[in-house]
Amino acid sequence: MRTNYDCIVLGLGGLGSAAAYWLSRRAGADVLGLEQFELGHIRGESQDHSRIIRLSYHTPGYVRLAKRAYESWDMVAADGKEPCVLKTGGLDFAPRNSAIPLDSYMESMRAEQVPFEHLDAAEIRKRWPQFRVSDEIHGLFQADSGIAMAARANAVHQRLAREHGATLRDRAGVTAVHQTGNEYEVVAGGVHYRCRKLVIAAGPWSNRALANFGMELPLEITQEQVSYFQSPWLADFAPARFPVWIWMDDPCFYGFPVFGEQATKIAQDAGGKPVTAETRSFEPNPENFDGVTRWAERYLPTALGPLLYTKTCLYTLTPDRDFVIDRIPGHDNAVIAIGAGHAFKFASVIGRILSELVLDGATPSDLSPFTLSRPILRELNPTRNYMV
Ligand SMILES: Cc1cc2nc3c(=O)[nH]c(=O)nc-3n(C[C@H](O)[C@H](O)[C@H](O)COP(=O)(O)OP(=O)(O)OC[C@H]3O[C@@H](n4cnc5c(N)ncnc54)[C@H](O)[C@@H]3O)c2cc1C
């Protein structure tokens, strides 16, 4: 069995599968991906049918990254002859004095020449009578928002990585990483692999992977959940008639048109309790579920119906909710990405950036907000703000 590779990717969730793909486009058979569980498992962050993708973001930097995300997904779709994104349009809406002000979203899109519409409540009701909004609500509509097809996109990245020559090993948990000269020895499933370049995309297990480099970050892992409802009015929630949406207040809720199941999907963002990847359960939290249904009874009642299922999932949250995409200090050839609970839309472009960092030593994307050296990541008990 081959044990010597140019690049090893630790973790094959959303970001790692993307990294394996983008590396394999250039390094082919010199790429090895290692995943501790089976591919497509449900213990991490990237399972389920759908994730929201949008250009609508609170800083111009994220809007620029989102533009490159769409471009990257398009390149994957062209390579794989299979789309990973479905555009439905997206509505971000809230009361005028909301906890997450829409102003920074609108300013950032204006700064980056992204077209959007600022809608009052009457216009929202006219376009989508499914939303029962009173007059103090306003919203912004961006036509390119939609669904990143999470499970499918991961499978496409993995298939294409293999087609480009990469080896992907599942049930191969990495238990140790040692630097030996200008190489890394990576121990997984009792096998000692060697590589010159290491990409870490370990999601909720990031601190365990970083411990190999003597590092620990103030990450909070939370157990989140999404619920699928068998609305009796499913036709009103077809992707051609109904957008992805985010309620930009605290608590923050979001949802999807019918996709992947014959059901609507509604969830609360960052509403979960802190856990670890080992202590988490797969049991839905009833209070979180009640919060979702109470909100929907008021603002989106016809989306509700008999519960199909509620599914749990983990967020790996940095205190400022910005990503980590950086080199490990002192290691020019080891990079890490952490998704901060909103990275799926960027999965492909983050994988592409990681490949650029290790293969070219540089990336055209601005990573300054995502450094490991930012002060808040050095605090033991940082103030956490997830409502951005
Ligand atoms: C309910 C929910 C809703 C979300 N909604 C959105 C959304 O609408 N839009 C959006 O953009 N994002 C969204 N996100 C966030 C997004 O899904 C995540 O940021 C993204 O999936 C993170 O991917 P990842 O690859 O970092 O983590 P993971 O998918 O968890 O992958 C990490 C992988 O590394 C493996 N691993 C870890 N350690 C080792 C080891 N030592 N050896 C081998 N393998 C290892 C793990 O088993 C795992 O497979 C949502 C997340 C959740 C949970």
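Me: At what angle do the axes of helix α2 and α5 cross?
Reply: Good place to start, and keep in mind that this is a predicted model. Helix α2 covers residues 60–80, and its axis and that of α5 come within 10 Å. The axes cross at roughly 60°.

Me: How many charged residues are in the contact of α2 with α5?
Reply: From α2 come Trp73, Val76, Asp79 and Gly80, and from α5 come Ala153, Val156, His157, Arg159 and Leu160. Asp and Arg count as charged. Alongside 5 nonpolar and 2 polar residues, the number of charged ones is 2.

Me: Are α1 and α5 roughly parallel or oblique to each other?
Reply: Helix α1 spans residues 14–27 and helix α5 spans residues 150–163, with their axes 8 Å apart. They pack at an angle of about 30°. Angles under 35 degrees count as roughly parallel, so α1 and α5 are roughly parallel.

Me: Which residues of α5 make the contact with α1?
Reply: On the α1 side, the contact is made by Gly14, Ser17, Ala18, Ala20, Tyr21, Trp22 and Ser24. By class, this contact has 6 nonpolar, 6 polar and no charged residues. On the α5 side, the residues are Asn154, His157, Gln158, Leu160 and Ala161.

Me: Which histidine is joined to histidine 138 by a polar contact of their side chains?
Reply: Histidine 138 lies in strand β7, residues 137–142. Buried means under 20% relative accessible area, so histidine 138, at 4%, is buried. Leaving out residues up to four places away in sequence, histidine 138 touches several residues, including Asp92, Phe93, Arg96 and His118. The side-chain polar contact, of 2.8 Å, is with histidine 118.

Me: The backbone oxygen of which residue lies 2.8 Å from a polar atom of the side chain of histidine 342?
Reply: Look in the loop between β20 and α8, where histidine 342 lies. Histidine 342 has a relative accessible area of 11%, so it is buried. Beyond its neighbours within four places in sequence, histidine 342 is in contact with Tyr57, Tyr62, Arg321 and Phe323. The backbone oxygen in question belongs to arginine 321.

Me: Is serine 134 buried or partly exposed?
Reply: Serine 134 is found in the loop between α4 and β7. Its side chain makes a polar contact of 2.7 Å with the side chain of glutamate 136. Buried would need under 20% and exposed over 50%. At 29% relative accessibility, serine 134 is partly exposed.

Me: What separates the C-alpha atoms of serine 134 and valine 177?
Reply: Along the chain, serine 134 and valine 177 are 43 residues apart.

Me: Is lysine 81 buried or exposed?
Reply: You can find lysine 81 in the loop between α2 and β4. Its phi is near 55°, a positive value in a residue other than glycine. Exposed means over 50% relative accessible area, so lysine 81, with 72%, is exposed.

Me: What is the phi of aspartate 48?
Reply: Aspartate 48 lies in the loop between β2 and β3. With a relative accessible area of 6%, aspartate 48 is buried. Although aspartate 48 is not a glycine, its phi is positive, at about 85°.

Note on methods. Residues are numbered from 1 along each chain as its sequence is written. This is a predicted model: local features need pLDDT of at least 70, side-chain atom pairs count only at pLDDT 80 or more; totals for chains, interfaces and linings use all residues. Side-chain values use heavy atoms; hydrogens and water are left out. Axes are lines fitted to C-alpha atoms, for helices over the stretch in contact, and angles run from 0 to 180 degrees between N-to-C directions. Helices (H or I, at least four residues) and strands (E, at least two) are DSSP runs, numbered from the N terminus. Angles under 35 degrees count as roughly parallel, over 145 as roughly antiparallel, 65 to 115 as roughly perpendicular and the rest as oblique. Contact means heavy atoms within 4.5 Å. Buried means under 20% relative accessible area, exposed over 50%, partly exposed in between (1.4 Å probe, protein chains only). A polar contact is a pair of N or O atoms within 3.5 Å; within protein, one must be able to donate a hydrogen and the other to accept it, and residues adjacent in sequence count only if both atoms are side-chain atoms.
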